[in-house]
Amino acid sequence: MSDYIQGNLPLQSVSEKDSPLKSLDGGMKDLSGQLAITVADAASDRKAGDIVVLRVADVSYLADYFVMLTGYSRVQVRAIAQAIEDKVETEWQRRPLRTEGKAEGSWVLQDYGDVIVHIMMPKEREFYNLEAFWVNAERIAVPNADEGGGKPI
């Protein structure tokens, strides 16, 4: 999934078997995994809740990683999406290939090719329950993510 050129990044193939991503502390060599962690960090900075990073490379051809998280208002969902775009562009010189739902703000999807980001309001996240659909995917620990960190009291 990592064999494409975007911006000034070199064409490169990353083997998932050699260094599976387990956590941020695990000395990652997987570029897609590092990008997914960057996305999760940017979301955490904007107080996103229930951040889940799934390694779906072994169970899907759509992407290598899915990052799913919750925003508790339409404004927060849009702010999280913008923060992710800004951080990824700054650190990786990449922009999403496609972005959907930003105007509505209840579910924003950002497609970076090897990483797909779902930013959802609680109602949409509960209804679609994507984590259950990808139950066979490996869950990646995100150390900086607070459980329900942005949830209003």
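Biologist: Hi! In what order do the elements of the protein run from the N terminus on?
Modeller: Hello! They go α-β-β-α-β-β-β-α-α-β. Bear in mind that this is a predicted model.

Biologist: Let's zoom in on S1. Is it mostly covered or mostly open?
Modeller: Mostly covered: S1 spans residues 49-55, and six of its seven residues are buried.

Biologist: And in which sense do S1 and S2 pair?
Modeller: Antiparallel, over five bridges, with S2 covering residues 65-70. In that pairing Gly 49 stands opposite Thr 70 of S2.

Biologist: What about S6, how many bridges join S1 to it?
Modeller: Three, and S1 and S6 (residues 138-140) also run antiparallel. Val 53 has Ile 140 of S6 as its bridge partner.

Biologist: Now the loop between S1 and S2. I'm looking at Ser 60 there. Buried or exposed?
Modeller: Ser 60 counts as buried because its relative accessibility is 13%, and the cut-off for buried is under 20%.

Biologist: What does the side chain of Ser 60 reach?
Modeller: The backbone nitrogen of Leu 62, at 3.0 Å.

Biologist: Changing topic: how many residues does H2 have, and what does it reach from its first C-alpha to its last?
Modeller: H2 (residues 74-92) has 19 residues and reaches 26 Å, close to the 27 Å expected at 1.5 Å a residue.

Biologist: Which residues of H2 are buried?
Modeller: The buried ones are Gln 76, Val 77, Ile 80, Ala 81, Ala 83, Ile 84, Glu 85, Val 88 and Trp 92. As background, an α-helix has 3.6 residues a turn, so residues three or four places apart point the same way.

Biologist: And what covers those buried residues of H2?
Modeller: Their cover includes helix H1 (31-45) and strands S2, S3 (98-100), S4 (107-111) and S5 (115-120).

Biologist: Which residue follows H2?
Modeller: Gln 93, and its phi is positive, near 55°.

Biologist: Last bit, the whole protein. What share of the residues count as buried?
Modeller: 50% of the 153 residues. The protein exposes about 8,100 Å², with carbon and sulfur atoms supplying 51% of it.

Biologist: And for contacts between residues at least 6 apart in sequence, what share join residues at least 24 apart?
Modeller: That share is 62% in the protein.

Terms used
Residues are numbered from 1 along each chain as its sequence is written. This is a predicted model: local features need pLDDT of at least 70, side-chain atom pairs count only at pLDDT 80 or more; totals for chains, interfaces and linings use all residues. Side-chain values use heavy atoms; hydrogens and water are left out. Buried means under 20% relative accessible area, exposed over 50%, partly exposed in between (1.4 Å probe, protein chains only). Helices (H or I, at least four residues) and strands (E, at least two) are DSSP runs, numbered from the N terminus. Two strands pair if DSSP finds at least two bridges between them. A polar contact is a pair of N or O atoms within 3.5 Å; within protein, one must be able to donate a hydrogen and the other to accept it, and residues adjacent in sequence count only if both atoms are side-chain atoms. The expected span of a helix is 1.5 Å times one less than its number of residues. Contact means heavy atoms within 4.5 Å. Accessible areas come from the Shrake-Rupley method with a 1.4 Å probe; for residues, only the protein chains shown count as cover.
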